[in-house]
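Reader: Hey, could you zoom in on a single part of this model for me, and then carry on through whatever else you'd point out? I'd like the cut-offs spelled out as you go.

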Amino acid sequence: MKVLIIEDDRQVAEAVKLGLTAKSHVVDIANDGVDGSFLGRSYTYDAILLDYSLPKKDGLAVCREIRAAGRSTPILFLSVMGDVHTKIAAFEQGADDYITKPFSFSELSARLNAVARRPSELKPTLLTVDNLTLHVEKQTVARAETPIHLTRKEFNLLKYLMMHVGVIMSRSLIMEYVWTAESDPFSNTVEAHIRNIRKKLTTKKQPDLILNLPGRGYVIDTPTNLLRF
């Protein structure tokens, strides 16, 4: 899951980021409403954690702008204010959930997972391409029933490709989803991770499932279907 944290308390933001990255999530942080609104409208996230009181632009305005931009990303408000009127104001602007500070990370994680599962089409927990399987929640990968160890970044990259079987995913889209907004777009990190994944998936003379299309991106599919590209 890729999560955007919009929180001006840097200690809180870093603590939540640490907990989420430990669960293999990718996390971006914005420390004010202007930057948070820009990231929320410009990049693709699975969920947004949004502080109610922010410098430069408050959480209600940020939420309103993200929704006005056509983004349906689940938004979970964080606030020290727990009164009904404040909560109603957040929900009226498009919030999906609301949690009062201070909160436990376990509660935050549970609520985050809940709102991320709410879109009309629930995301599958088991992804399959040919004899390759990836279990999203268990974070396991196997090829022909043989377990394959991947790093966190490799797992998230492979998951992203398998979520779009047969679709050419550009390098920029992969960077946007798997890496943070601060990542260097000119580095060869995508290429390096793809090479490592392909090497691990093709052990025991298994056919390659990932095709590199120069200037276009990468696609994962069955060996037979890859012939049409």
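Author: The buried residues of α8 are T189, V190, H193, I194, I197 and L201; buried here means under 20% relative accessible area, exposed over 50%, and partly exposed in between, using a 1.4 Å probe and protein chains only. They sit on the same side of α8, because the arc they cover around the axis is only 130 degrees (taken from the directions from the helix axis to the C-beta atoms). Turn to the face pointing away from that buried side and you find the exposed residues R195 and K199. As for length, α8 runs over residues 189-201, and its 13 residues at 1.5 Å a residue should span 18 Å; the end C-alpha atoms are 18 Å apart, so that agrees. (The expected span is 1.5 Å times one less than the number of residues. Helices are DSSP runs of H or I with at least four residues, strands are E runs of at least two, both numbered from the N terminus.)

Before moving on, a bit of housekeeping. This is a predicted model, so local features need pLDDT of at least 70 and side-chain atom pairs count only at pLDDT 80 or more, while totals for chains, interfaces and linings use all residues. Residues are numbered from 1 along each chain as its sequence is written, and side-chain values use heavy atoms, with hydrogens and water left out.

Now for another helix. N156 belongs to α6, residues 152-162, and counts as buried because its relative accessible area is 5%. Skipping residues up to four places away in sequence, N156 touches S24, V26 and V178, where contact means heavy atoms within 4.5 Å. With S24 there's a polar side to this: a polar atom of the N156 side chain lies 3.2 Å from the backbone oxygen of S24.

S24 deserves a look of its own. You'll find S24 in the loop between α1 and β2, and with a relative accessible area of 9% it is buried. Its phi is positive, about 75 degrees, although S24 is not a glycine. K56 also has a positive phi of about 75 degrees without being a glycine, but K56 is in the loop between β3 (47-51) and α3 (59-68) and is exposed, at 70% relative accessible area.

Back in the loop between α1 (10-22) and β2 (26-30), there's K23, partly exposed at 38%. Leaving aside neighbours within four places in sequence, K23 is in contact with F105, S109 and Q139. K23 and M1 are 22 residues apart in sequence, yet their C-alpha atoms are 9.3 Å apart in space.

On the sheet side, strands β4 (residues 75-79) and β5 (residues 97-100) pair in the parallel sense over four bridges; pairing requires DSSP to find at least two bridges. The chain gets from β4 to β5 by way of helix α4 (residues 84-92), and this β-α-β crossover is right-handed (clockwise from the first strand over the helix to the second, with the strands pointing away from the viewer). Within the pair, L78 stands opposite I99 in β5. The loop between β5 and α5 (105-116) holds P102, and the peptide bond joining K101 and P102 is cis, with omega about -5 degrees.

One last stop: N225 is in helix α9, residues 223-226, and is partly exposed at 32%.

Methods. A polar contact is a pair of N or O atoms within 3.5 Å; within protein, one must be able to donate a hydrogen and the other to accept it, and residues adjacent in sequence count only if both atoms are side-chain atoms.
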